[in-house]
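Colleague: I would like to learn how to read aromatic contacts in a model such as this one. Could we go through them step by step?

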Amino acid sequence: MTGRFGPLAAFAVGCALITTTAARADDIKLPTTMAFTAYDTGTAGFNIAVAVGKMMKDKHGTDVRVLPAGNDVARLAPLRNGRAQLAWMGSGTYFAQEGVFEFGAKEWGPQPLQITLSVVDCNGSSLGVAADIGVKEVKDLRGKRVGFVVGSPALNQNALGIMAYGGLTKDDVKIVEFASYGAMWKGLVNNDVDAAFGTTITGPAREAESSPRGLIWPPMPHADKAAWERVKKVAPFFNPAMSSCGAAHQPGKPIELSNYPYPIATVYATQSPDQVYSITKAMIVDYDAYKDNAPGATGLAVKTQTMKWVVPFHPGAVKALKEAGQWTAEDQTHNDGLIKRQEVLAAAWKQYAAAAPSGDQEFRDGWMTARAAALKRANLPNGFEQ
């Protein structure tokens with residue numbers, strides 16, 4: 001006898017474990033090569049993409065190339081063209097879905113983007129400010145230089161959302177434009193700009209912290225409801241967050257900041273459910289293989305997922321989440337509503353683009369009017385002030 005069950009029972013249990021492991025491996029069918037897009041080299045999004053890619057190589061034999069891109073359009077173009085299987089995005093996922101800013105151009109329009117998993121960790125996302133200019137609160141940025149990135153409506157709108165906390169608009173600061181996220185943060189180090197939007201765990205923020213200028217994150221006290229109402233009007237995807245990790249943080253002294261899921265593993269609705277399922281399932285079941293390999297990667301844990309954000313989950317991801325016990329009927333109802341919103345936007349775009357004006361600015365202005373009307377008819381919120 002072996003224990004209370006005997007050798008045959010022990011053998012049966014062992015066989016069951018082997019069979020379960022094999023079945024799990026059989027469920028995950030990844031291509032031999034894949035490409036991911038992400039923010040610039042050294043950013044939190046890029047580092048997490050690399051960590052997940054290494055896991056897929058080690059566990060499933062898939063070679064993953066991570067393509068750095070300085071703005072949202074550059075990150076989504078390879079995904080739309082089928083040259084990438086995943087884009088690690090930020091709030092640009094929402095802007096692309098809505099067809100606003102750069103995505104209101106003729107070449108784009110509302111994109112049927114969906115998500116798999118996203119990161120919510122101990123970090124915050126806000127305006128990092130050079131410590132040598134004397135800013136203590138967000139409102140102190142009046143008259144200071146704030147970085148924008150050309151072709152990245154997400155980063156720029158995020159910056160405006162944080163500025164709104166302090167009652168500031170674009171007209172209250174000096175906007176300095178850069179070609180990429182990385183270049184913007186280099187500009188802060190080089191004294192070309194005073195503030196740059198980013199997550200507290202991004203590599204460039206660490207560099208800024210250790211530079212002669214230093215770095216601070218002006219707090220956004222959560223008790224100031226009026227300030228948060230201003231934020232929500234400009235950036236409805238932000239939520240209050242206690243940031244306890246990253247650059248310019250002291251142990252045991254969290255900062256009241258803002259956050260939203262970042263990075264977000266983004267796909268198109270048209271992508272194969274089986275492939276998206278396998279990508280998502282691999283990130284769930286092999287979480288331990290990558291969670292400690294990049295700052296913030298622990299935030300991909302299936303139990304910490306933001307289930308009711310502003311962009312829907314892909315059906316392949318839903319299947320994996322259901323198997324992990326992390327999907328409810330309420331989640332499905334919310335998701336169905338978001339998919340309906342995408343359908344309304346797609347129909348409005350198709351009708352508008354067929355007879356739209358030729359001038360670029362006239363086209364975008366007309367689209368925003370048509371978009372607002374379509375959402376109103378469907379009894380859906382606009383999300384953007386005209």
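Colleague: Which residues form one aromatic cluster here?

Modeller: Bear in mind that this is a predicted model. In it, Tyr94, Phe95, Phe101, Phe197, Phe237, Phe238 and Tyr260 form one aromatic cluster, and the structure as a whole holds 21 aromatic pairs.

Colleague: How is a pair of aromatic rings described?

Modeller: A pair of rings is described by the distance of the centres and the angle of the planes. Planes under 30 degrees apart count as stacked, over 60 as edge-to-face and the rest as tilted. For Phe197 and Phe238 the centres are 6.1 Å apart and the planes stand at 55°, so the pair is tilted. This pair links distant parts of the chain, since Phe197 belongs to strand S8 whereas Phe238 lies in the loop between helix H8 and strand S10, 41 residues apart. The rings of Phe237 and Phe238, with centres 5.2 Å apart and planes at 40°, are also a tilted pair.

Colleague: Is Phe237 buried or exposed?

Modeller: Buried means under 20% relative accessible area, so Phe237, at 2% relative accessibility, counts as buried. Phe238 is buried as well, with a relative accessible area of 0%, and Phe197 is likewise buried.

Colleague: Where does the charged end of Arg75 sit?

Modeller: A charged group can also be placed relative to a ring by its distance from the ring centre. The charged end of Arg75 sits over the ring of Tyr39, 3.5 Å from its centre, and that of Lys319 sits over the ring of Tyr277, 4.3 Å from its centre.

Conventions:
Residues numbered from 1 in each chain as written. Predicted model: local features only at pLDDT ≥ 70, side-chain atom pairs only at ≥ 80, totals over all residues. Heavy atoms only, no water. Phe/Tyr/Trp six-rings, centres within 6.5 Å; stacked < 30°, edge-to-face > 60°. Helix = DSSP H or I, 4+ residues; strand = E, 2+ residues; numbered from the N terminus. Buried < 20%, exposed > 50% of the residue type's maximum accessible area, 1.4 Å probe, protein only. Lys NZ or Arg CZ within 6 Å of the ring centre and 35° of its normal.
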